[in-house]
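Please read it alongside the sequence and the coordinates.

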Amino acid sequence: MRFVRCALVGVLALFTPYVYAQEDVVMKAMRDELARSMDKLQLEQLERPYFIAYRVEEGWGASASASFGSLLGSNEGRWRSLSVEVRVGDYDFDNTNFRVRRFGGRPRRLPLDDDYKELRRQIWLATDGAYKQAVENLSRKRAELQHRTRIEEIADFSREAPTSMTDEAAPVEVDIAEAEALVRDLSALFKEMPDVFTSTVQLRADNVHTRYLNSEGTSFTRIRPSVTFTALAGTQAPDGMPLEDFVAAYGRSMDDLPDREALRARVEEMGARLASLRAAPVVDSYNGPVLFERQAAAALFGRIFAPRLLASRAPVSGEGRGPSQGRNPFLDKIGARVLPEFISVVDAPTVNEYKKRRLVGGGRVDDDGVRTRRTVLVENGILNTLLTTRNPVSGIVKSTGSRHGPNAVPSNLFVTAKKGYSDKKMVKAFLKLVKQRKKAYGIVVRRIGNPDLRVRGLSRRGARMGNITLAYRVFPDGREELIRNARLSDVTESTFKEIVAASRNQTVYTAPFRARSASGMHSGVVSFVVPSLLFEDVTLQKPRGEVPHPPVAKHPYFDR
């Protein structure tokens, strides 16, 4: 993407040599304090740590955003933080998996200057606090379990082979003035769109440099650049119902993004879609065949089925919660059919692109320092395993190298169909089902919203994961009619067992991923490669409840 290739003089000029030339200062402080802590850290007669890990993350970021041609904000900055993980006890039973899910506490801000002594002091203080908390948690955990019978014994920490790795990509470079000009230019397109009430265009670039070291001998350094472009737009139908849509592109460098003209075309297409939706009829309540095409299929899979592929473990708690509360039901379905026998699912963190499309969810090492690898999650419909960290769960005792943040997160998730249909045959199979069910029409869904890409300034009532942004009634003769404000109802992971057909062609869809489980929040940016999916029975409903009135006065740009 040529318009942002120049280096940002100032911030980036300082950042790049800092990363490469002075890296040893921070790592030396980490290594020296780790050795001292493992040798001398002990409180009176209490247990010493059996495991300590340090993670220092630092980064540079720049962003610019605009609305209707006016700059909303532009900034850049640097930061550095430390996370400390201290485990007391042993691999089978330690202070973790007990109430406090973030066993290292909140990340601690570190100075940006490479002052060895000050870095040592900060690491020492953070380690001391983490150790004292670990000892207290272990004592409380033992006391809690004295009043309980443990149904199954699961180790608290898995043993993994030590590794040493460098996974460093070239930092992304941004000319902030060019970025500001881009977002101004593209957001100004909405000045010619009277049907769009609110909008935001943003470009953001980040470089995160991670240093990791633990007492087992594992260490890695990683530089992960990321670039995100988003254009969000919202409006209201004449009856007041909110309508939203988005354009998003992700990459590791500016060249991974579409060029300026391609982004302009996508923004204009989004505006045209919203204008058409305002005039479209509201969906009727419907149950029957639904064909999810391209982005809609990938978004549906990512929001409903993918979270079930993550291993989660409920912590021991004395607050009256049973051990099964929040438990992932897929833990009890390993070896069982969870998808049709013609569908398989693979997590492939080391794959960087698919059909010349950049995949951004992967890497060579996870946040535990475990090497990432290809994991077959579902094979011919049968669930093989789940994505895990070093926090074992029932039946899965080793890490799949999937920790990103505090919990497991997918990387690049591939969904493939054996003997998949052509796009033409998918439509034919869909219309055949409509006829068999004696329906006047079927529903084709082509876009589904993401709750992490939200438009400010509109009512959030009813803005849920299942909101469909683009859907059509399709009649037996192939005629299509646009409908609006459709909502999915009662679609769960079990619904995916009843998929009737899947396409041969797959869509690459990269999006923010967020899921909540017994072990906390799982979040990141994930690339999904998913075929179109045909379901025989899906329920769509009208929105319920109250909706805000449309603006009383006209949009001031068009009140002539």
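## Terms and basis of the model

Ala, Val, Leu, Ile, Met, Phe, Trp, Tyr, Cys and Pro count here as nonpolar, Asp, Glu, Lys and Arg as charged, and the others, Gly among them, as polar. The model is a predicted one, in which local features need pLDDT of at least 70 and side-chain atom pairs count only at pLDDT 80 or more, while totals for chains, interfaces and linings use all residues. Residues are numbered from 1 along each chain as its sequence is written, and side-chain values use heavy atoms, with hydrogens and water left out.

## The second largest pocket

On a 1 Å grid over the protein atoms alone, a pocket is an open set of points where a 1.4 Å probe fits, with protein on both sides within 12 Å along at least five of seven lines, and lining residues have an atom within 4 Å of a point. Grid points are joined across faces, edges and corners, and a volume is the space filled by probe spheres set on the points. The second largest pocket has a volume of about 830 Å³; of the 30 residues that line it, A248, R266, R357, R447 and V508 are the closest to its centre.

The lining of this pocket comprises 14 nonpolar, four polar and 12 charged residues. At least two lining residues come from each of β7 (242–251), α5 (260–279), β11 (357–358), β17 (442–448) and β21 (499–517), and β21 gives the most, with seven residues. Helices (H or I, at least four residues) and strands (E, at least two) are DSSP runs, numbered from the N terminus.

## The chain as a whole

The chain has seven helices and 22 strands. Its radius of gyration, taken over C-alpha atoms with a globule rule of 2.2 Å times the number of residues to the power 0.38, is 26 Å, close to the 24 Å that the rule gives for 560 residues, so the chain is as compact as a globular protein of that length. Along the principal axes, the C-alpha atoms fill a box of roughly 80 × 60 × 45 Å.

Buried residues (under 20% relative accessible area, against over 50% for exposed and partly exposed in between, with a 1.4 Å probe and protein chains only) make up 54% of the 560 residues. Taking contact as heavy atoms within 4.5 Å, 79% of the contacts between residues at least 6 apart in sequence join residues at least 24 apart.

## Covered and exposed sites

Helix α6 (residues 295–305) is mostly covered, with 11 of its 11 residues buried; among them are Q295, L300, F301, R303 and F305. T372, in the loop between β11 and β12 (375–379), is also buried, with a relative accessible area of 10%. Beyond its neighbours within four places in sequence, T372 is in contact with P349, T350, G363, R364, V365, D366 and G401.

K355, by contrast, lies in the loop between β10 (353–354) and β11 and counts as exposed at 61% relative accessibility.

## Positive phi values

Most residues other than glycine have a negative phi. K438, in the loop between α7 (423–436) and β17, has a positive phi of about 55° although it is not a glycine, and K438 is exposed, with a relative accessible area of 77%. D490, in the loop between β20 (487–489) and β21, likewise has a positive phi, near 60°, and is exposed at 70% relative accessible area.
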